[in-house]
Amino acid sequence: MVINEAEESDLLLDILDIKKNILKMIYLAQSGHPGGSLSCATLIYLLYKKIMKFNPKNPKWDERDIFILSKGHAAPALYSVLSKIGLITKEELTTLRKVNSKLQGHPVKNDQLGIEITTGSLGMGLSIGVGCALSAKLDKKKDKLIYVLLGDGELNEGSIWEAAMAASHYNLDNLIAIVDRNGIQSDGFTEEIMGLEPLANKWDAFGWDVIEVDGSNIREIIGGFQKSKKTIRKPTVIISYLVKGSDISFMEHSSKYHGRAPNKEEYENAIKEIEEIEKKIGVS
Amino acid sequence: MFLKLEEINMRDAFGKYLHNIGDKYKDMVVLDCDLSTSTRTNLFAKKYPKRFFNMGIAEQNMLGTAMGFAISGKIPIVSGFSIFTSGRAWEFIRMACHDNLNVKIITTHGGIVGEDGSTHNALEDLSIMATLPNLNVLIPVDNLELVQMLDFALKNEGPFYIRIPRESSTNVHNKNYHFTMRKPDVVKKGKDICFIGTGYGTILSLKSALEIENELNCTVKVINLSTIKPIDEEKLINEVKNVKGVIIIEEHNIYCGVGSIVARIFSERYPIKMKIIGVDNSYCQSGTRNEVLKEYGLNIENIIEKAKNLLS
């Protein structure tokens, strides 16, 4: 799958729009996790738009690929992407974190929205992915792929490495983990809180095929996903390096916005910054 | 019935059940964490190697994998020792129950295990399981009930926790017994005092009841409370309406155990004299099972004494 420049511009603009909605949702809710939502918005959108077998008109389609947002605190990114593909209305986005809203603070299983399972307690998604991948193997559904998006801070959880062992033990080449390597967790930089490096070597030692991509480069991400489909008898991890809070200058490299909503001034400045980028790409 | 139930212990009955039912439930998969020889899921593993998954000594991942199987339309049976499975993987179980997933957690070594000692005893599992919304919590008293519970759990969607002891169990029911979810199972009629037992607690109740009746001029009703959750409160209250008091006997810590659950129901809706007999705030220690049971008050003599106090 090669994308041309026009298509790349369209995707970039869509992603910027998704990021604006993430900020708006969190600003209106006055709570949520902007940093980790912004850093994985591109990955989630590309998965739904370009990579996964998924039909928004029939989210329970039997042949669909499976997506598990293990880093459930990035719920606004997922909701914003689901809105972009037509499963959530713009009005619904404003109900984030409100009583009786479909859009709970962390994603709750919802067949209509194609949310496969509730996530938010970190360290569970990869094990769930192992179960889905084993099940697909058992059913001989060779084309069914399982994607699990992990946060880098989430890799502190021991259960992730239990799942990593199992995926490799059972040769789950239909399982693709993506690590949102934004370098920051709740209390600060990952390497200061609980060092992860050499991260690629760790996955490699656990028997995984490791692909490293620049998480701001659409072509590279798509290339990484395509490469992952060629892996045989091993699970794949795509480590996506990206600055946390990317595209918003004052949020970049900061743990301050991991779990804090922007105030009015910050929100307006953030939107302005995104609109500047939009202008550069071609929106007048 | 395909099992000679009276001849084997409950772990074997569980293993044989899975082995025999595999063809009927093609979507059933079995997961164990390096304990399949002890839990007897190895019988299923041998017959259906493709549908058996040894997950190694990693309970959290075993539960997470089961959740993945469940959302893929499979019926995962998860096995292991009661305390390790319920305890180590508790938060995974919590989320499986949160989503009402079709995960069947069937563990062995419930209660006091004997020689292996405190680390392996499951005396807190019912507290942490019964607090989870959507989860059905069942304890069979004998093989006949176990097999019917397993049938019930497989036929009905949703999460189940079924706790099996390490040891064998005396048959309490005759072959006409029919397990009914939620319903208090009266295994002995009586008018003066009511014993409510769970698992081995029911057997102790029955044995103690017969001795008390010989000794004192009274009759003892015995209820086998095999559904810990959800309990039919109305029916349970009706069963104790004419007795002078209730004694609950459980192989579990009395803090937040079955007694606590029943005490909430009675204290809110039908206050009655009660005594809860179980392990009193301890992890217990090694010894033969009977020695340990006696050491911590789960013996006939202690039950009789408590019953006398309640009746006096």
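Chain A holds ten helices and seven strands, where helices (H or I, at least four residues) and strands (E, at least two) are DSSP runs numbered from the N terminus. With a radius of gyration of 18 Å, close to the 19 Å that the globule rule gives for 284 residues, chain A is as compact as a globular protein of that length. That radius is taken over C-alpha atoms, and the rule is 2.2 Å times the number of residues to the power 0.38. This is a predicted model, in which local features need pLDDT of at least 70 and side-chain atom pairs count only at pLDDT 80 or more, while totals for chains, interfaces and linings use all residues. Residues are numbered from 1 along each chain as its sequence is written, and chains are lettered from A and ligands numbered from 1 in the order in which they are written.

**Confidence**

- The predictor gives an ipTM of 0.96 and a pTM of 0.97 for the complex.
- Chain B has a mean pLDDT of 95, with 98% of its residues at 70 or more; pLDDT is the predictor's confidence in each residue, from 0 to 100.
- Over residues 1-5 of chain B, pLDDT stays under 50.

- The C-alpha atoms of chain A fill a box of roughly 50 × 45 × 40 Å along the principal axes.
- Of the 284 residues in chain A, 49% are buried. A residue is buried if 20 or more other C-beta atoms lie within 10 Å of its own, exposed if 12 or fewer, and partly exposed in between, with C-beta atoms placed from the backbone.
- Among contacts in chain A with a separation of 6 or more, 76% are between residues 24 or more positions apart. Two residues are in contact if their C-beta atoms, placed from the backbone, lie within 7 Å.

**The largest nonpolar core**

- In soluble globular proteins, nonpolar side chains tend to be buried together.
- The largest nonpolar core has 172 residues, and A:Ile44, A:Ile146, A:Tyr147 and B:Met67 touch the most other members. Such a core is a set of buried Ala, Val, Leu, Ile, Met, Phe, Trp, Tyr and Cys residues joined through C-beta atoms within 7 Å.
- Helix α2 (residues 34-51) of chain A gives the most to this core, ten residues.
- Beyond its neighbours within four places in sequence, A:Ile44 is in contact with A:Ala77, A:Leu78, A:Val81 and A:Leu149.

**Where the chains meet**

- The contact takes 21 residues from chain A and 21 residues from chain B.
- On the chain B side, α4 (59-71) and α6 (90-98) each supply at least two residues.
- The largest share of that side, nine residues, comes from α4(B).

- Most residues other than glycine have a negative phi, and most peptide bonds are trans.
- The peptide bond from A:Glu197 to A:Pro198 is cis, with omega near 0°, and A:Pro198 lies in the loop between α7 (190-193) and α8 (199-205) of chain A.
- B:Lys229 and B:Pro230 are also joined by a cis peptide bond, with omega about 0°; B:Pro230 is in the loop between β10 (227-229) and α10 (233-239) of chain B.
- B:Asn100 is not a glycine, yet has a positive phi of about 55°. B:Asn100 counts as partly exposed because it has 15 C-beta neighbours inside 10 Å.
- B:Asn134, in the loop between α7 (125-130) and β5 (136-138) of chain B, has a positive phi near 80°.
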